[in-house]
Amino acid sequence: MGVFFIRSKQKTAIDTIKDELKAKLNNWESHSLTKEEQGLLEGIKRDTQELNKNNITRTKAYLDIYQKHPEIHWAFLGHMVSRNGGWNMTDLKGDFLTRLLTEKERNVYFTFLERGNWLIFQDAYPQLLLYSESLKRGKPLFYLLSFLNISIFMESIWNYFWRRQDPYILTLALIINEQNYLEKRVIQNKIYQQDVLGTLEFKLQDILSFNHILFPYRKKSLAGQTLHQFQSLHERILLGKRLYSVLFQNKDEFVKWAKDHHHTGSRKDYWPHIFNNVNEGIPGIPYQLRLNACKLKWGARRIYSPDLLSVWKNVIHQEAEKGDWFSDCQVLDYLSNHNETQITGEIEYEYCKTLERLELAALAKKVITLFD
């Protein structure tokens with residue numbers, strides 16, 4: 001008589017995480033903090049606040065964590081995306097947007113960018129510190145995340161990562177978490193809806209394509225992706241997945257560039273042949289077109305792109321809004337597709353065309369202003 005062995009179906013990563021999340025949602029247990037735990041949490045809050053002063057300090061902090069813990073891929077993705085946030089902030093004080101937007105518009109848009117940058121850091125960085133502390137102590141401390149107002153979703157994700165060390169799952173989960181975290185606090189905020197997304201969206205995105213995420217590498221090379229529907233949570237998450245794919249296909253090149261180039265917020269960091277953090281313009285001389293296929297015309301001055309700390313002051317933020325965004329396990333679907341189609345990240349041609357459109361728009365606005 002034959003003997004048959006029935007192999008039990010092994011749970012997938014998503015099933016394992018889903019089961020833990022459901023158990024936590026159905027049986028939420030309170031935890032009384034010990035003095036040692038209270039001290040640990042206070043230290044994490046203090047360190048996070050200290051490094052959350054501005055885009056420059058945040059961006060460096062992400063890279064420092066990645067260098068300490070290279071298994072945390074999101075830390076490097078966060079670093080590179082945060083660089084782009086700084087470049088967008090200084091664009092508001094550079095050659096083109098000072099001609100295209102009013103001072104009020106530029107200030108409001110900076111507030112929008114800065115708030116998002118600040119919020120993500122104060123949510124993500126404590127998680128990275130708690131992971132580092134867990135390693136020191138040789139045991140997972142992620143049950144403390146709720147005391148830092150971090151989603152229950154991430155507690156289950158970190159617990160899974162502690163057991164399986166799957167950087168793909170962790171990175172995608174952090175992308176999902178941060179975009180959902182921003183959704184109600186920034187994207188759906190009535191003030192930003194009215195003053196930023198409602199008034200500047202067409203100027204900065206549809207007309208000028210002011211939505212490139214750039215990853216520099218080697219001497220003058222760029223890779224990246226473009227976002228076309230900023231207000232769509234789904235599209236932002238998919239963008240995060242594509243950016244992660246682009247960045248880690250050629251990780252060593254990007255990491256080397258990041259280590260070799262201190263982040264200042266000026267686009268001179270990656271293209272000093274085009275941009276300068278010193279304004280080379282001469283007052284009173286009419287604006288002239290300077291770019292042709294991402295090269296300066298003979299004798300043309302470079303585009304002004306200032307250092308961030310020279311044009312924007314540190315902002316004192318209101319406390320982050322409380323509340324856990326997680327309520328539905330359906331978001332776990334974003335964690336699937338390990339074998340996604342490889343993405344090239346080609347962006348230089350599109351970015352060059354955007355710079356030319358910006359310059360033409362800035363020239364036209366200047367001409368119109370002269371004749372108003």
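## The largest cavity

Helix α4 gives nine residues to the lining of the largest cavity, the largest share. The model is predicted; local features need pLDDT of at least 70, side-chain atom pairs count only at pLDDT 80 or more, and totals for chains, interfaces and linings use all residues. Residues are numbered from 1 along each chain as its sequence is written, and side-chain values use heavy atoms, without hydrogens or water.

The structure holds four cavities of 30 Å³ or more. The largest has about 790 Å³ of space. Its lining has 34 residues, and V81, I120, Q179, I213 and F230 are the closest to its centre. Two or more lining residues come from each of α4 (73-91), α6, α8 (167-187), β1 (212-217) and α11 (233-249). By class, 20 are nonpolar, twelve polar and two charged.

## How the terms are set

Helices (H or I, at least four residues) and strands (E, at least two) are DSSP runs, numbered from the N terminus. On a 1 Å grid over the protein atoms alone, a cavity is a set of points where a 1.4 Å probe fits but cannot get out; a pocket is an open set with protein on both sides within 12 Å along at least five of seven lines; lining residues have an atom within 4 Å of a point.

## The largest pocket

The largest pocket has about 680 Å³ of space. It is lined by 22 residues, and K45, Q49, N52, W118 and Q122 are the closest to its centre. Helices α2 and α6 each give two or more residues to this lining. The classes are eight nonpolar, seven polar and seven charged.

## Helix α2

Helix α2 (residues 35-51) has 17 residues and, at 1.5 Å a residue, should span 24 Å. The expected span is 1.5 Å times one less than the number of residues. The end C-alpha atoms of α2 are 25 Å apart, which agrees.

## Two positive phi angles

Q165 is not a glycine, yet its phi is positive, near 55°. It lies in the loop between α7 (152-164) and α8.

C294 counts as buried, at 9% relative accessibility.

Terms used:
Points joined across faces, edges and corners; volume = space filled by probe spheres on them. Nonpolar A, V, L, I, M, F, W, Y, C, P; charged D, E, K, R; others polar. Buried < 20%, exposed > 50% of the residue type's maximum accessible area, 1.4 Å probe, protein only.
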